[in-house]
Amino acid sequence: MASSVPMVGQIGQSTSQGSPDVESTILPSRRTRVKGQRARKTGRPKFQSGPRPSKTDALPPSRTEDPALWRVRDELLRLDPTGARTAVAIREAFDQAYDGQRTGRWDYSQLHKTEKTHLGTLVEIWLQREFKFADGEDLDYRISGQDVDAKWSRDLYAWEIPPEMYSRGDQIAMVLWANEYSIRWSMGLIRISERVLLPEGKQRDRKRRLNDAGGDSILWIHRSRPMIENTLIHLPDGLMNEISDASSGQKAVNLLFSRVQGHLINRSAILTAAQQVDSAKRVRDARKALARDGVVIFGHYDPHPKMARDLGLPAPTLGRFISARLAEYEVGDSEPFTVIANRRWRLARPDEEVGEAPPLPTQGNE
């Protein structure tokens, strides 16, 4: 019996009546930069910094009153005592929604309506990836023996609660919120019941929101914690438009590192600026291009973080970079210094003329 496995030479050949498959068509040799719509002030979530003060005398249940809710709380804190892992998951969800490498987008206002709706799903997916939560029997997750439903809202206290969370026994909701503009996020738990819900409205799906007592009944696990910053959102509009309008990905990355010095820059910002596949190469080439202006770019591999700290700069962590213009340190200088290539270097003064930057130790596989 003849084998049905195609020979190497057959792969990519015509599949029907001489029509070629996609591999044998003529495809573009490079990606064209996207110049999409500008970020807008309208269409953004309202600026909020965290949960509000209590409006009622309602309180979260005590450990004795709802031991199952507290067991979920204890497990979440065991998995992520500082909130750092949750912050990473939220950042990944936002960056996936923007998809800056392909779209050039960096701001919530640039998303389509369906993408804004999907952001909550992405947050739920990234949390499950990060913490390996088991699937729930009826709800999203199974945590410490309890079914838990993840609820996301771009505005605090605007979570939409479906009937299955209160019509078949009071269920536990993990409520999540994050704001790119205040750079804050929060996570809490609440037992859903009629007591904590507004009256049913006219929505076909019968979803309801928390009333004031419900908002005050949330057992906060991480309250108003700092997000991993979206570098591009907080740049001046004019500069971000310059980066977006650059004629090439390399020019965009060069501009980003030359104009945004002393500030940590995320890998996602570089991908968005470059709109190219090899962001690491864009950083390497930016180092070469900016060296003539005295600018160095520190990465997260040793000894770069130590050099940045020596200079009084934030130390880059995984996937982040920081640029700075350097001048050679001289006896009597009062600024902190670091040693690069067996010479002392300090941050250049604002109006100081400087020469070529020192060569930094290579990073990773460079």
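This is a predicted model: local features need pLDDT of at least 70, side-chain atom pairs count only at pLDDT 80 or more; totals for chains, interfaces and linings use all residues.
Figure 1. Helix α7 itself covers residues 249-259. Eight of its 11 residues are buried, so α7 is largely enclosed by the rest of the structure. The buried residues are Gly249, Gln250, Ala252, Val253, Asn254, Leu255, Leu256 and Phe257.

**Figure 2. Helix α6 packed against helix α7.** The two helices pack at an angle of about 155°, and their axes are 8 Å apart. An angle over 145 degrees counts as roughly antiparallel, so α6 is roughly antiparallel to α7. The crossing of α6 and α7 is right-handed. From α6, the contact uses Leu239, Glu242 and Ile243. From α7, it uses Ala252, Leu255, Leu256 and Arg259. By residue class, this contact has five nonpolar, no polar and two charged residues.

**Figure 3. The largest nonpolar core.** This core holds 61 residues. Leu76, Leu127, Phe133, Met174, Ile243, Leu256 and Phe257 touch the most other members. Helix α2 (residues 84-98) gives the most to the core, with seven residues. A second, separate core has 17 residues, including Trp159, Tyr166, Ala173 and Val196. In soluble globular proteins, nonpolar side chains tend to be buried together.

**Figure 4. Close-up of Leu76.** What does Leu76 touch, not counting residues up to four places away in sequence? Its partners are Phe133, Ile143, Met174, Met187, Leu189 and Ile221. Leu76, Phe133 and Met174 are among the residues that touch the most other members of the largest core.

**Figure 5. Helix α2 packed against helix α4.** Helix α4 spans residues 113-131. Its axis and that of α2 are 8 Å apart, at an angle of about 140°. That angle makes α2 oblique to α4. The crossing of α2 and α4 is right-handed. On the α2 side, the residues in contact are Arg85, Thr86, Ala89, Glu92, Ala93, Phe94, Gln96 and Ala97. On the α4 side, they are Glu115, Leu119, Leu122, Val123, Trp126, Leu127, Arg129, Glu130 and Phe131. The contact of α2 with α4 divides into 10 nonpolar, two polar and five charged residues.

**Figure 6. Ala158 in the loop between β3 and β4.** Strand β3 covers 146-152 and β4 covers 172-179, with Ala158 in the loop between them. Is Ala158 buried or exposed? Buried means under 20% relative accessible area. Ala158 has 14%, so it is buried. Ala158 touches Ser153 and Arg209, not counting residues up to four places away in sequence. Val175 lies 17 residues from Ala158 along the chain, and their C-alpha atoms are separated by 9.8 Å.

**Figure 7. The whole chain, for orientation.** The chain has 366 residues, and 48% of them count as buried. Its secondary structure comes to 10 helices and 11 strands. The C-alpha trace spans about 80 × 70 × 45 Å along its principal axes. Of the contacts with a separation of 6 or more, 64% join residues 24 or more positions apart.

Conventions: Residues are numbered from 1 along each chain as its sequence is written. Side-chain values use heavy atoms; hydrogens and water are left out. Buried means under 20% relative accessible area, exposed over 50%, partly exposed in between (1.4 Å probe, protein chains only). Helices (H or I, at least four residues) and strands (E, at least two) are DSSP runs, numbered from the N terminus. A nonpolar core is a set of buried Ala, Val, Leu, Ile, Met, Phe, Trp, Tyr and Cys residues joined through side-chain atoms within 4.5 Å. Contact means heavy atoms within 4.5 Å. Axes are lines fitted to C-alpha atoms, for helices over the stretch in contact, and angles run from 0 to 180 degrees between N-to-C directions. Angles under 35 degrees count as roughly parallel, over 145 as roughly antiparallel, 65 to 115 as roughly perpendicular and the rest as oblique. A crossing is left-handed if the near helix is turned anticlockwise from the far one by less than a right angle, and right-handed if clockwise. Ala, Val, Leu, Ile, Met, Phe, Trp, Tyr, Cys and Pro count as nonpolar, Asp, Glu, Lys and Arg as charged, and the others, Gly among them, as polar.
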